[in-house]
Amino acid sequence: MSYDQPFPHAGVQLNHTAVYASDRYLSAEFIATILGLKVGTPFGPFLPVDLGNGVTLDYCDKRDAAIQSQHYAFLVPDEQFDAVIARLEAVGVTYYADPGHTAPGRINDLFGGRGAYFDDPDGHNMEVMTRPYARP
């Protein structure tokens, strides 16, 4: 295989990603509830949460070592953003305007949209936003 050949980027899509959790059921139910989604049927060691673009978050238990925090960002329709914030408030989860979690209870207005960050039960830094980042 030659790495100097052009690669057909348009055909590459993320299909799924594994998300380590101390309790896959708790974490999958948490994110599904916050985002207004459903938890799928277990598949081997994975508990999937299907996103709207064909990608799944495949939650899997990791109990033999500490879970390293990862960042997951979710693009949500503007008309659903307030409902996401309301669900966070309903379950007592603090949201922040920034990824460093220094502005509690506030949202941001990056790229002409709205966004917020929050932790899942294992400390993964989750983000909801209504506009994708403007890339240079």
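The points that follow take up a sheet, a pair of helices, a pocket and a cavity in turn.

1. The model under review is predicted. The values given here should be read with that in mind.

2. The sheet. Three strands form an open sheet in the order β1-β3-β2, and their pairing is mixed. The edges are taken by β1, residues 16-21, and β2, residues 46-50; each has a single partner strand, so one side of each is left without a neighbour in the sheet. On average, and with direction ignored, neighbouring strands of this sheet are turned by 30° against each other.

3. Pairing within the sheet. Strands β1 and β3 run parallel and are joined by 6 bridges, with β3 covering residues 56-61.

4. Helix α1 spans residues 24-35 and helix α2 spans residues 78-90; the two pack with their axes 7 Å apart, at an angle of about 135°. Angles of 65 to 115 degrees count as roughly perpendicular and those over 145 as roughly antiparallel, and α1 and α2 are therefore oblique to each other.

5. The helix contact. Which residues of α1 and α2 meet? On the α1 side they are T33, I34 and L35, and on the α2 side V84, R87 and L88. By class, the residues of this contact comprise 4 nonpolar, 1 polar and 1 charged.

6. The largest pocket. The space in this pocket comes to about 530 Å³. Its lining is made up of 23 residues, and those nearest the centre of the pocket are L51, N53, A73, F74 and L75. Strand β4 (71-75), helix α2 and strand β6 (125-129) each supply at least two residues of the lining. Of the contributors, β4 gives the most, with 5 residues. The lining of the largest pocket divides into 16 nonpolar, 5 polar and 2 charged residues.

7. The cavity. How many cavities of 30 Å³ or more are counted? The count is 1, and the volume of the largest cavity is about 40 Å³. The residues that line the largest cavity are N108, L110, F111, R114, G115, E127, M129, R131 and Y133. In terms of class, this lining has 4 nonpolar, 2 polar and 3 charged residues.

Notes: Residues numbered from 1 in each chain as written. Predicted model: local features only at pLDDT ≥ 70, side-chain atom pairs only at ≥ 80, totals over all residues. Heavy atoms only, no water. Pairing = 2+ DSSP bridges. Helix = DSSP H or I, 4+ residues; strand = E, 2+ residues; numbered from the N terminus. Axes fitted to C-alpha atoms, helices over the stretch in contact; angles between N-to-C directions. Parallel < 35°, antiparallel > 145°, perpendicular 65-115°, else oblique. Contact = heavy atoms within 4.5 Å. Nonpolar A, V, L, I, M, F, W, Y, C, P; charged D, E, K, R; others polar. 1 Å grid on protein atoms, 1.4 Å probe; cavity = no way out; pocket = protein on both sides within 12 Å on 5 of 7 lines; lining within 4 Å. Points joined across faces, edges and corners; volume = space filled by probe spheres on them.
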